[in-house]
Amino acid sequence: MSRNNAVLHLAVVGHTNTGKTSLLRTLTRNPEFGEVRDGPGTTRHVEGAQLLVDDIPLVQLYDTPGMEDGVALLDYIDQLIQPGQRPDGPERIQRFLDSPESGRRFEQEARVLNKLLTCDAGLYVVDVRDPVLSKHKDELAVLADCGHPLLPVLNFTSDPRARTAAWREALARLGLHAIVEFDTIAPALDGELQLYDKLALLMDTHKELLGVLKQDIVEQRALRRHDARHTIADMLIDIAALRMSSPPDPESLENTTQSLRQHVRQRENRCVQTLLKRYNFTRKDFPNHALPLEGERWGMDLFNPQALQDMGIHLGKGMAAGAMAGATLDAFTAGISLGTATLVGAAVGGLWQGADKWGKRLMGRIKGEQEISVDDAVLRLLAVRQLDLLQALDRRGHAAQAPITLGDAAGGETNDDAAPLTRWRKGKLPDELAEARRRTSWSSMSPDYAPGARREHAVRELAARLE
Amino acid sequence: MSHDRASPDSTSAPAATLTTHWLAETLRLREAQWGHLEDARENMLARVQGRTYTQKVLLRAQALGRREGLDDLLASLQHNARIALFILVALATLAGILASAAALGDGARSVNVWPALLAMLGLNAVAFALWLLSFCIRGDRQGTWLSDAWLWLTRKLAKGPDAMLAPRALIELLGRSASQRWLLGAVSHGLWAVALASMSIALLVILSAKRYSFSWETTLLSPDTFVRLTNLLGWLPAKLGFPVPSDTVIRASDGLQTLSAQAQATWSGWLLGCVIVYGLTPRVIALAVSLYVGRRRLARLAIDSALPGFAELRTRLTPTSEIAGVDKPADPDRAVPHPGTHRGGAIPHDDAILVGVELPESAAWPPPGLPGRLINMGVLDSRAQRRALLERLHLRPVKHMLILYDANQTPDRGALRLIADLNGMAQQVHAAPLDQSDGAPAQRQADWASKLKASGLDDARIHATLQDALTSLRPALQDAPAHGETP
């Protein structure tokens, strides 16, 4: 239990409806925490959450009810003090907590002060869209009486109605100079780090702990991005390798096309689901969307040079494997059949490989079947959309309630200066996808799905390109 | 790639053996293909017992594998593999014995040393050369021929979906750690080594127990060639103590002359030396190298959280946060202040006053276009301002009051209580939002209206706009005497 001493206790306090619970949601990356609603007094009790690093709690955060009646509260506390007495801040608060009104009119405020008294510091959340009023100053005076450092956290700074400068000035006049801007809906990429940096300035004793936390945040973010890129690459390989063959009459072709689109949509959906889960969001954050996924490639590119080269490699591999098997047989027959088994093995191996990989497709070709796969444009679109979603998820706070809308990615033509996206729109498709096109067995949606080291390698390479 | 910070040698951690990794990989493939299993209990177990992410994934896999019977499946596969290996070893032993017996023949005629040597070592040499050659072929698809064949076979033979996944999982796992070629190589080198060892022993036994004569035959080559070749091949075994026939003995062994028993013994020693040095030894060395490298690579096995199936696990097994619960249940809503009632004691004056409640400094005050009879009492913000107005109204209640509030703000208890207090100081209190360039959201406006009503204001006097309020105030303002003064 010795670790418990090292836990940093932080109370998240502030006026009502400024986004205290939202801040907790964003810091804990948990959209399920508490209840968030645009109205006063949504949170009516103190609720705790822990920030863990390697399953060890480092920071204990407490969400508190909003302060609503700061002016009257300060008035009341002043009344409690007899003329001539000069108790210090915490003593004033203690007297208030012992008073009858702390259980009635100021019950909510009493909960906040009770918690802040036992914490190491407070995060004072400000909705910078609100004007700076006496009630805010009075409640800050009461909170400051608790005798713990307060770090003002300016929320909604990206709103056009933000009065950031006025708030900074007012807080400075109250002696609060370490201030952090942190928009809980769309936090800056390094917003959390800045917050803990500022906190470390206020709390020298917890500097090390906050350093560990910061390092973990950076690592976790990198891990998430890494995992997400892999997920996207896996989907792209899956879809690029997907091939469906169809009898040549128009009706069957139409049916197969629809089925192909269906498969692609489902696969993309699965990718979206995984990304959402990895980033701790839910379907609510990115509802279903209809995809303009028109564009299929027709016909068999069985006889293009690359496919033929590929076939050559396969046949060679088969023959070599067969020869090995035959040679082993030769060994067991003590060299009596020297050579014959090896030769036969090579022939059988080559045939086997050829038939296994190409037989069905050749037969289809002979029967006049058509092979359908997705077009390059569809692959580009999928890549751009998923990268766009990834970017949105990376920047989204867990307090955000409006669903994600992807920018102009789906449109395709419009401007976007992000380099990887442009590369995906315009540049040559990566070699890994070209290779995937030739390998139906790489698609988890195809019946002869057989991933191997080579596919995994391709996914890894492709994921690196998504950087 | 491992991102685990803590060292893996925690006490409660499971041994990160090949089997546990194999189980985790099988489970991953299964979950990636058919969706996640219900795992609340197993996750909890893993989180309690494991420290690093890798440990937790392995613990979870162990628990789930036990539940789903996957561990039995893997155990039976391992058992089968062991039986297969045993059969192969037996076959290899037999093959070695047969090969040496076939190479030596029945002893009725002299043994032609060169074809005999070729029969015993030729194939081994070719296979060994192929193995060495395989290092030159593209590094990234190393050793996949045999495993491809094995996978193909298991796909054909698989009974049930899990049985198919397990071998695939093993191949993927070994491929990822790049230990595939080394482990498969170890198996093949091991079998060859067994075959060659049994061949050597059989050779020794047969040569000890039967009489053979050795010779060479040629039509095309000169005897000198055989002398040179024999010496060349015998050089290395000679270093290890195996005999080499002298030049005269070699020349005499053309099958036309009868040799001494000593010469035959030398020949058989030379043959045995060649088999051991050129056949058995390289295989044993290759086996040792393969085992060493394979084991080292296996030791590096790690859980890659980027793989589909593992990606979702990270947030569940190593969450970055956890909800801790509440201090005590919330009290029933006290947010609404008691409604103020108009005290009838003092006779209200016929004033109509205008009050702003907690308005931003930037707001234009007083709002333009107000009738002159509405007396502006200013904006209430600080404690002193509040107290001053309340005291004044206490002494001099008014008939009409218009309260303007900022509908962009949240209606908090403090503001509502102030309004309720004001409500007690006048006969008719109207409330309206201050007109602002950026209109308040409709929801916020509705919040204010309902909260004002709950604070005791008359529903009919809660207006949506300032204009509405002024319209409804107009008759009162016409009655009221004009007052120019402001406090």
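Two strands are taken to pair if DSSP finds at least two bridges between them, and the exercises below apply this to a predicted model.

**Exercise 1.** Determine in which order the strands of the open sheet follow one another, and which strands stand at its edges.

*Solution.* Step one is to follow the pairings from strand to strand, which gives an open sheet of 7 strands in the order β6(A)-β5(A)-β4(A)-β1(A)-β3(A)-β2(A)-β3(B), with mixed pairing. Step two is to look at the ends of this order: β6 (180–181) of chain A and β3 of chain B each have a single partner strand, so one side of each is left without a neighbour in the sheet. Step three is to examine individual pairs. Strands β4 (residues 121–127) and β5 (residues 150–155) of chain A run parallel over 6 bridges, with A:Gly122 opposite A:Leu150. Between the chains, β2 (residues 47–53) of chain A and β3 (residues 321–326) of chain B are antiparallel and joined by 5 bridges, and A:Gly48 has B:Gly325 as its bridge partner.

**Exercise 2.** Describe the interface of chain A and chain B by its contacts, its buried area and its salt bridges.

*Solution.* Begin with the contacts, in which 80 residues of chain A meet 76 residues of chain B. Next comes the area buried between the two chains, about 7200 Å², to which carbon and sulfur atoms contribute 50%. Finally, apply the salt-bridge rule, with its limit of 4 Å between nitrogen and oxygen: the rule finds 13 salt bridges across the interface, including the one between A:Lys135 and B:Asp412, whose closest N and O atoms are 2.8 Å apart. On the side of chain A that touches chain B, the residues divide into 33 charged, 26 nonpolar and 21 polar.

Conventions
Residues are numbered from 1 along each chain as its sequence is written. Chains are lettered from A and ligands numbered from 1 in the order in which they are written. This is a predicted model: local features need pLDDT of at least 70, side-chain atom pairs count only at pLDDT 80 or more; totals for chains, interfaces and linings use all residues. Side-chain values use heavy atoms; hydrogens and water are left out. Contact means heavy atoms within 4.5 Å. Buried area is the accessible area (1.4 Å probe) that two parts lose on being put together, summed over both. A salt bridge is a side-chain nitrogen of Lys or Arg within 4 Å of a carboxyl oxygen of Asp or Glu. Ala, Val, Leu, Ile, Met, Phe, Trp, Tyr, Cys and Pro count as nonpolar, Asp, Glu, Lys and Arg as charged, and the others, Gly among them, as polar. Helices (H or I, at least four residues) and strands (E, at least two) are DSSP runs, numbered from the N terminus.
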